[in-house]
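Welcome, and thanks for taking a look at this one. Here is a short briefing, grouped by topic, to read alongside the model.

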Number of protein chains: 2
Amino acid sequence: MKIRIGIVGYGNLGRGVECAIKQSNDTSLYGVFTRRKPSELKTLTGASVYSIDDILNHKENIDVLILCGGSATDLPVQTPELAKSFNVVDSFDTHANIPKHFENVDTAARAAGKIAIISVGWDPGMFSLNRLYAEAVLPDGKDYTFWGKGVSQGHSDAIRRIEGVLDAKQYTIPTEEALAAVRGGNNPELTTRQKHTRECFVVAAPDADKARIEEEIKTMPNYFADYDTTVHFISEEELKRDHSGIPHGGFVIRSGKTGLNGENTHIIEYSLKLDSNPEFTSSVLVAYARAAAKMNAEGLCGCKTVFDVAPSYLSPKSPDDLRSRLL
Amino acid sequence: MKIRIGIVGYGNLGRGVECAIKQSNDTSLYGVFTRRKPSELKTLTGASVYSIDDILNHKENIDVLILCGGSATDLPVQTPELAKSFNVVDSFDTHANIPKHFENVDTAARAAGKIAIISVGWDPGMFSLNRLYAEAVLPDGKDYTFWGKGVSQGHSDAIRRIEGVLDAKQYTIPTEEALAAVRGGNNPELTTRQKHTRECFVVAAPDADKARIEEEIKTMPNYFADYDTTVHFISEEELKRDHSGIPHGGFVIRSGKTGLNGENTHIIEYSLKLDSNPEFTSSVLVAYARAAAKMNAEGLCGCKTVFDVAPSYLSPKSPDDLRSRLL
């Protein structure tokens, strides 16, 4: 019996989940739930589309819902609400609000006897796991997270809001110098400027003042002012041709010392190089949806994060197989 | 109340555990158990030493035993035997015998209501975890494990058994070409020879036939014949000066595809660069000893591997703290 999954929200993430479910023999897609008019939404694989308003009518046919809405306004409402009736997994990524979100979801999921796994993806998600494992193994050390090279949607949007900008793509890039310093094991103190640079590809309106646009980007508080930023003006065709992907990735590196007097240094490094940020996040979501279904079948309930899920729950393979093949 | 740990066996691994326990605020070392005469063993930190024969008399004072014996003859006997009376953690690393060891230990631990976590370290251990996480997230892909640059004790010993060899150190080295091919995401088929090279530093007896020694090394079945091997003859002083450490490390890399037609490629890479192989293994053992104590306190029992342990058990920090700081 396959794990029957419902997708809530059908943007990049929802489509990624749809594709990821196809890659696993033990999961099946029940359908997509949308706020749009279902008849107007066409899915990549021909999966059924339902109105989000009717979702409770489908309760008996769904083992886990994967919530693919945004962290700003969708998930804070949807996750606790849907956890009253379903096992759910979300990718809530507003770090500062995770404790509050956890509490709201935990209350709902416990009362309903459901499992809710929040903040699943790669950061938060796989990167968080690696920060935890590395800190637990090397307590006398320091960890560093670098993001990129990859597209930051928020920064791209910020550029697009500048007058005279038609379109833009922003890449966050970890600096080689900072990576080398961290890998050297000396636990350097690094400023924001030292860790990452920002590279912007901008399509300006024909009559726009490019010098002014560049200045506005480079001095934009929070987004760019604290970074070394490079701005390239390119044509709409070039942007489409060379910058239409959504790559991302990054590095979690911890260096720590062991020995009677800390005489030995160790470097633990985890890195991701992703062609498609949303598709990779989706793949992580499907693995944790499997875990949610298995944990709930064992009688577990409440809100969980990647920290609370034993790795074996993520795999469709049997514990025997995992031990003999991967251990 | 700190987690009281007993160490069984006092070689490199036992000494590493002794040092690692000092680095954690929530663990304390109760004592070392040895087959040697306790009065003749001096510990690094002045910890108490007891005879292994008396270990059952100390049952009430110990929360977890960390078993630091060898996988060939010690652990297959010790782990199931001691799991009848203690929570235990071992670093059993004979891959082919893990299923049998698991079964023996599980029977003993279940009957006693104890937790036993086996095959803890970095491979098996952290590398296994990364193989599992990566496979679960990217099912349509392939993973590769590379070891080194690091000292292989088994290969060094094999060289030392050759006539005319006074001492030797062997390094296993992953080839840059193979690493690059894997990171390229094309899932290459790699032969043993393509993945690793072997570099040997040999101290020969003054009158020894070096050409014959080099030939014997390079053609040794299983150990060297399938690899490109380099042999350097050096003096005893040079060996001591330049090759007395026990560094190791390696890489677990998985590349996999996502998307409707597998159009996007992702690379997940985990790597370790360790100044001291036994001290790092020891640090992992202590983190899992913490997990064993916490899991048993919750009423869990039986044999577990790293696959069965939720990450949060490894940390001395509270779940709230982990969520707000590391997630």
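How many residues of chain A are in contact with chain B? The answer is 70 residues of chain A, in contact with 70 residues of chain B, where contact means heavy atoms within 4.5 Å. Please keep in mind that this is a predicted model, in which local features need pLDDT of at least 70 and side-chain atom pairs count only at pLDDT 80 or more, while totals for chains, interfaces and linings use all residues. Residues are numbered from 1 along each chain as its sequence is written, chains are lettered from A and ligands numbered from 1 in the order in which they are written, and side-chain values use heavy atoms, with hydrogens and water left out.

**The interface of chain A and chain B**

- The size of an interface is often given as the accessible area lost when the parts come together.
- Here the buried area is about 5,900 Å², with 61% of it given by carbon and sulfur atoms; buried area is the accessible area (1.4 Å probe) that two parts lose on being put together, summed over both.
- Four salt bridges are found across this interface, a salt bridge being a side-chain nitrogen of Lys or Arg within 4 Å of a carboxyl oxygen of Asp or Glu.
- A:Lys317 forms a salt bridge with B:Glu135, and their closest N and O atoms are 3.7 Å apart.
- Helices (H or I, at least four residues) and strands (E, at least two) are DSSP runs, numbered from the N terminus.
- β13(A) gives the most to that side of chain A, with eleven residues.
- The residues on the side of chain A that touches chain B comprise 33 nonpolar, 19 polar and 18 charged. In this count, Ala, Val, Leu, Ile, Met, Phe, Trp, Tyr, Cys and Pro are nonpolar, Asp, Glu, Lys and Arg are charged, and the others, Gly among them, are polar.

**Strand pairing**

- β13(A) and β13(B) (residues 264-274) run antiparallel and are joined by nine bridges; two strands pair if DSSP finds at least two bridges between them.
- Within this pairing, A:His266 has B:Leu274 in β13(B) as its bridge partner.
- Chain B also has an open sheet of four strands in the order β8-β9-β10-β11, with mixed pairing.
- Its edge strands are β8 (150-151) and β11 (228-233) of chain B, each pairing on one side only.
- β8(B) pairs with β9(B) (residues 165-174) in the antiparallel sense over two bridges, and B:Gly150 stands opposite B:Thr172 in β9(B).

**Chain A as a whole**

- Chain A has eleven helices and 14 strands.
- Its C-alpha trace spans about 65 × 60 × 35 Å along the principal axes.

**Local details**

- A cis peptide bond joins A:Gly148 and A:Lys149, with omega about 0°; A:Lys149 lies in the loop between β7 (141-147) and β8 (150-151) of chain A.
- In chain B, a cis peptide bond joins B:Gly148 and B:Lys149, again with omega about 0°.
- A:Ser119 has a positive phi of about 60° although it is not a glycine, and A:Ser119 sits in the loop between β6 (115-117) and α4 of chain A.
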